[in-house]
Amino acid sequence: MEGATYQRFPKVKIRELKDDYVKFELRESDVSMANALRRVMIAEVPTIAIDLVEIEVNSSVLNDEFIAHRLGLIPLTSERAMSMRFSRDCDACDGDGQCEFCSVEFHLRAKCINDQTLDVTSKDLYSSDHTVVPVEFSDAGTGYENPEDQRGITIVKLRKGQELRLRAIARKGIGKDHAKWSPAATVTFMYEPEIHINEEMMETLSLEEKTSVIESSPTKVFALNPHTHQVEVVDPEAYTYDDEVLKKVESMGKPGLVEVYAKEDSFIFTVESTGAVKASQLVINAIDVLKQKLDAVRLLEDTVEADDQFGELGAHMRGG
C-alpha cells in the first residue's frame, strides 16, 4: 500500500554479561531480524584464525595435516579483525595474504630432551603481533593456583628426541567459509512466553490435580504457593514450548486452564563466545555487519531503479 511503512525501532536490554557470555532481550522487532542477527553472529562476523602452516620439522606421532588442522581450530584474539583486510582483497601483497595488513605470523619450536612427555600447547605459539595471540582459558575446576601452570590448548605430545618446528600464517575470515573463523560457540533465541492461568477454573481443582499440572511441565515453570495453595507462574522463560502442560489440562477436561502465548516482537538471546572476541563485542560486530549488508541491498535497489529508468545507459555509466 502506498505510504505504508514497516520501520521499527528495536530495543535491547542486557540481562547478564560476562566476557564469554551474554543474555539479552530484543524487543519491538520481528523474527526475521532476530534470525538474521543470529546467523550473522555465527557465520559472518570476521575473526582471525591460522590458515597456512609450513612444517619445517615434525617427528611427532601426528602427521602434518593433523597438526595443521588442530592449529586452525585454536581461537585467536580477534579484536582488530574488523579493521583488517581480507587476504583476497589486500592490495599491499597482491592477495598473497602474507603482509602486516591482512595476516599475522606465528612460530613454534619445541623439542623433548628428557624422559618426561612434553605437552606442546597454544602457549608455545609466538605471534608477530601482540594483539593477536591464542586465547587463554581459565577453568576453576583445574586447581591451578599459578597462572603459569595453565598450559593452554594441547597441540601434540612429544617424547624424548621428538621435535616440532613450524611457521603459521593467520588470516581474517568468516564462519561461512570455515567453522574455524566462527566467533560463536552458541547463539540461540526464543520467543518470550506469556503464560496465563484461569484462576476461576483452577479453584475447581483438587490439590492433587494442581500438583499434577505443575509436574506435567518438564521444566520448573509453575509452583504451588504454600500459603494460598494456588498454582503460580514462577519462571515463564523456563517454558520450552513443549505443550506438555496444555496436553495435560486438555486430558483433565479443562481446556483453557493454562494458556501460553509467544510474544511476536520480543526475543531472548543467549550468546556464548569462543573467546576470539568478547560476547558483547560479538553482538556489536554482528549489528555492524548486518547494517553493511542492508546498505548493500539498498544500493542494489537504487541500481535496479536506475536501470529501469535509464536502461542500457545506466549500465554503461557503471561500466557494465
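This note goes through the predicted model point by point, from the whole chain to single residues.

1. Basis. This is a predicted model, in which local features need pLDDT of at least 70 and side-chain atom pairs count only at pLDDT 80 or more, while totals for chains, interfaces and linings use all residues. Residues are numbered from 1 along each chain as its sequence is written, and side-chain values use heavy atoms, with hydrogens and water left out.

2. Whole chain. The protein chain has seven helices and twelve strands (DSSP runs numbered from the N terminus: helices are H or I with at least four residues, strands are E with at least two). Of its 320 residues, 36% are buried; buried means under 20% relative accessible area, exposed over 50%, and partly exposed in between, with a 1.4 Å probe and protein chains only.

3. Surface and contacts. The accessible surface of the protein chain is about 19100 Å², and carbon and sulfur atoms hold 50% of that area (Shrake-Rupley method, 1.4 Å probe; for residues, only the protein chains shown count as cover). Among contacts (heavy atoms within 4.5 Å) with a separation of 6 or more, 73% are between residues 24 or more positions apart.

4. Glu44. Glu44 sits in the loop between H1 and strand E3 (47–58). Its relative accessible area is 17%, so Glu44 counts as buried. The side chains of Glu44 and Lys176 are joined by a polar contact of 3.5 Å (a pair of N or O atoms within 3.5 Å; within protein, one must be able to donate a hydrogen and the other to accept it, and residues adjacent in sequence count only if both atoms are side-chain atoms). Leaving aside residues up to four places away in sequence, Glu44 touches Arg39, Ile174, Lys176, Val289 and Lys293.

5. Positive phi. Most residues other than glycine have a negative phi. Glu28, not a glycine, has a positive phi of about 55°. Glu28 lies in the loop between strand E2 (21–27) and H1, and is partly exposed because its relative accessibility is 36%.

6. A second case. His229 also has a positive phi, near 55°, without being a glycine. The loop between strand E10 (222–224) and strand E11 (231–233) holds His229. With a relative accessible area of 40%, His229 is partly exposed.
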